[in-house]
Amino acid sequence: MNIDVLPIGADDVKTLRDLSMRTFSETFRDEYTDEEFDTYFNTSLAEATLQAELTDSESQHFFAVVDGQPVGFLKVNVGRAQTEQELPHGFEVQRIYVLADYQGLGLGKLLFEKALRLATQTDCDYVWLGVWEHNYKAQKFYAKFGFEKFGEHTFVVGDSNDTDWLLRRSVASIREELNK
């Protein structure tokens with residue numbers, strides 16, 4: 001099995017959209033109605049929205065590729081591209097998803113470690129992310145990397161207003177760990 005992490009280009013928008021919709025549906029299939037999924041897909045994951053994100057100089061996107069097939073992705077942000085503007089000097093891991101059939105291969109870890117390495121190449125003070133308050137598996141995963149809760153925000157999907165925990169870790173501590 002050949003595994004790569006490759007940058008996503010603007011010409012990959014259709015592949016990114018399809019993969020985004022599949023992974024979001026798989027992850028949250030029991031949480032939202034079809035109408036809520038449609039609303040989210042036609043706003044946050046609309047092709048025009050994703051195209052704008054792919055061309056934003058303050059965002060970076062990567063596919064996890066297995067045997068030439070994109071099966072997961074990562075999106076990170078700095079500056080004004082962050083979803084929370086009250087967090088100056090932050091490096092946001094906004095999206096990290098892997099298709100269900102490819103979970104357990106270490107792809108989520110691979111993508112997350114890519115994000116952490118990218119953060120150490122910036123002048124950001126900390127890495128932060130939002131994770132759904134009921135996604136215990138993801139919370140445990142991030143805790144293993146030393147991330148701690150520092151706040152909450154609302155994540156809207158259609159008519160649902162969910163609470164995401166905001167987790168962070170200092171970039172200095174990540175640099176120190178990587179340099180051991």
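Which residues have the most contacts inside the largest nonpolar core? In this predicted model, they are Phe 24, Phe 112, Val 127, Tyr 142 and Phe 147. The core has 49 residues. Helix H4, residues 107–120, supplies the largest share of this core, with 7 residues.

Phe 24 illustrates how such contacts reach along the chain. Neighbours within four places in sequence are left aside here.

The strands come next. An open sheet is built from 7 strands in the order E1-E2-E3-E4-E5-E7-E6. The pairing is mixed. Strand E1 (3–7) and strand E6 (148–157) are the edge strands, and each pairs on one side only. On average, neighbouring strands of this sheet are turned by 25° against each other, direction ignored. In general, strands of a sheet pair through backbone hydrogen bonds, in either a parallel or an antiparallel sense. Strand E3 (residues 69–78) and strand E4 (residues 90–98) show the antiparallel sense, over 7 bridges. Asn 77 has Glu 92 in E4 as its bridge partner.

Helices also meet the sheet. Helix H5, residues 136–144, packs on the sheet and touches E4, E5 and strand E7 (160–170). The direction of H5 makes about 165° with that of E5. Helix H1, residues 13–28, lies across strand E2 (59–66), E3, E4, strand E5 (126–132) and E6. H1 runs at about 90° to E3.

Arg 22 and Gly 72 are 50 residues apart along the chain. Their C-alpha atoms are separated by 10.0 Å.

Helix H4 also meets another helix. The axes of H4 and helix H6 (residues 171–178) come within 9 Å and cross at roughly 110°. H4 is therefore roughly perpendicular to H6, a term that covers angles from 65 to 115 degrees. On the H4 side, the residues in contact are Leu 116, Arg 117, Ala 119 and Thr 120. They meet Val 171, Ile 174, Arg 175 and Leu 178 in H6. By class, this contact of H4 with H6 has 5 nonpolar, 1 polar and 2 charged residues.

How values were computed: Residues numbered from 1 in each chain as written. Predicted model: local features only at pLDDT ≥ 70, side-chain atom pairs only at ≥ 80, totals over all residues. Heavy atoms only, no water. Core = buried A, V, L, I, M, F, W, Y, C linked by side-chain atoms within 4.5 Å. Buried < 20%, exposed > 50% of the residue type's maximum accessible area, 1.4 Å probe, protein only. Helix = DSSP H or I, 4+ residues; strand = E, 2+ residues; numbered from the N terminus. Contact = heavy atoms within 4.5 Å. Pairing = 2+ DSSP bridges. Axes fitted to C-alpha atoms, helices over the stretch in contact; angles between N-to-C directions. Parallel < 35°, antiparallel > 145°, perpendicular 65-115°, else oblique. Nonpolar A, V, L, I, M, F, W, Y, C, P; charged D, E, K, R; others polar.
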